[in-house]
Amino acid sequence: MIEPAEVERLLKARFADAELELIDLTGTQDHYQARIVSSAFNGKSLIEQHQLVYGALGAAMGSAIHAFALKTYTPEAWAKISRGSDGRSPT
Amino acid sequence: MDEALRERIKATIESHRVVLFMKGNKNFPQCGFSAQVLGLLKQNGAEFRDVNILADADLRTGLKEYSNWPTFPQLYVDGQLIGGCDIVTSLNESGELKTLLAAKTG
């Protein structure tokens with residue numbers, strides 16, 4: 001288990017400009033869902049983006065956190081999706 | 001990680017074009033995330049090898065370090081880590097998964 005505030009602190013420490021949405025999926029503080037929009041993801045593949053996030057969570061990932069459903073976006077990609085101008089609706 | 005384990009992981013990844021490291025096996029997934037990726041591979045008609053990391057503690061620990069990826073499932077295509085459940089799901093939604101699985105057969 002890890003407090004949502006601690007998860008946010010770890011993420012904000014690595015992604016200072018992040019727009020962050022964190023949800024405790026089960027109410028048990030070990031299954032989280034996160035959406036992170038940050039310029040730190042610019043020019044990185046999806047897998048590199050997720051590796052950055054896992055790196056920021058460090059030892060908590062896989063121990064205190066059992067599951068972390070993750071969506072990462074560059075500010076540009078997120079702007080497209082929130083406008084819906086990429087031609088497909090977010091699911 | 002010792003060299004023997006690293007070699008064994010590498011050999012496993014290269015044993016098939018598409019390798020899914022998962023909890024359980026393709027007939028009996030033991031985790032919802034593994035089951036989801038399994039379903040997407042089947043849906044896309046992929047031929048793949050399944051490896052049950054619950055049955056191999058060394059592999060389970062070693063692969064996290066090898067892949068720089070802390071969770072399972074892990075999908076490898078052509079020796080490259082593609083990702084876990086979230087990424088595979090995103091790639092399926094965008095249609096890229098089908099392309100990836102269908103790419104270069106020879």
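Buried residues make up 23% of the 91 residues in chain A, a residue being buried if 20 or more other C-beta atoms lie within 10 Å of its own, exposed if 12 or fewer, and partly exposed in between, with C-beta atoms placed from the backbone. In chain B, buried residues account for 36% of the 106 residues. This is a predicted model, in which local features need pLDDT of at least 70 and side-chain atom pairs count only at pLDDT 80 or more, while totals for chains, interfaces and linings use all residues. Residues are numbered from 1 along each chain as its sequence is written, and chains are lettered from A and ligands numbered from 1 in the order in which they are written.

**Chain A overall**

- Chain A has three helices and three strands, where helices (H or I, at least four residues) and strands (E, at least two) are DSSP runs numbered from the N terminus.
- The order of these elements in chain A, from the N terminus on, is α-β-β-α-β-α.
- Chain A has a radius of gyration of 13 Å, close to the 12 Å that the globule rule gives for 91 residues, so it is as compact as a globular protein of that length. The radius is taken over C-alpha atoms, and the globule rule is 2.2 Å times the number of residues to the power 0.38.
- The C-alpha trace of chain A spans about 40 × 25 × 20 Å along its principal axes.
- Of the contacts in chain A between residues at least 6 apart in sequence, 48% join residues at least 24 apart; two residues are in contact if their C-beta atoms, placed from the backbone, lie within 7 Å.

**The hairpin of chain A**

- Strand 1 (residues 19-24) and strand 2 (residues 31-37) of chain A pair in the antiparallel sense over six bridges, pairing being assigned if DSSP finds at least two bridges between two strands.
- Within this pairing, A:Leu22 has A:Ala34 of strand 2 as its bridge partner.
- Strand 1 of chain A lies largely in the open, because the number buried among its six residues is zero.
- Six residues lie between the two strands of the hairpin, where A:Gly27 takes a positive phi near 75°.
- A:Gln29 sits in the loop between strand 1 and strand 2 of chain A. Its phi is near 60°, a positive value in a residue other than glycine.

**Helix 2 of chain A**

- The twelve residues of helix 2 (residues 46-57) of chain A should span 16 Å at 1.5 Å a residue, and its end C-alpha atoms are 17 Å apart, which agrees. The expected span is 1.5 Å times one less than the number of residues.
- The buried residues of helix 2 of chain A include A:Leu46, A:Gln49, A:His50, A:Val53, A:Tyr54 and A:Leu57.
- Seen down the axis of helix 2 of chain A, the buried residues fall within an arc of 135°, so they line one face of the helix; the arc is that of the directions from the helix axis to the C-beta atoms.
- On the other side of helix 2 of chain A, A:Glu48 and A:Gly55 are exposed.
- Packing against the buried residues of helix 2 are helix 1 (4-14), strand 2 and strand 3 (67-73) of chain A, together with strand 6 and helix 4 of chain B.
- A:Gly58 follows helix 2 of chain A and has a positive phi, near 55°.

**The contact between the chains**

- Eleven residues from chain A and eleven residues from chain B take part in the contact.
- On the side of chain B that touches chain A, strand 6 (80-83) and helix 4 (85-94) of chain B are the elements that give two or more residues.
- Helix 4 of chain B gives the largest share of that side, four residues.
- By class, the side of chain B that touches chain A has five nonpolar, four polar and two charged residues. Ala, Val, Leu, Ile, Met, Phe, Trp, Tyr, Cys and Pro count as nonpolar, Asp, Glu, Lys and Arg as charged, and the others, Gly among them, as polar.
- A:Ile47, in helix 2 of chain A, touches B:Leu81, B:Ile82, B:Gly83 and B:Ile87, not counting residues up to four places away in sequence.
- A:Ile47 counts as partly exposed, with 17 C-beta neighbours inside 10 Å.

**Chain B overall**

- Chain B contains five helices and six strands, which run α-β-β-β-α-β-α-β-β-α-α from the N terminus on.
- The radius of gyration of chain B is 13 Å, which agrees with the value near 13 Å that a compact globule of 106 residues would have.
- The peptide bond from B:Phe72 to B:Pro73 is cis, with omega near 10°, and B:Pro73 is found in the loop between helix 3 (57-67) and strand 5 (74-77) of chain B.
- B:Asp78, in the loop between strand 5 and strand 6 of chain B, has a phi near 50°, a positive value in a residue other than glycine.
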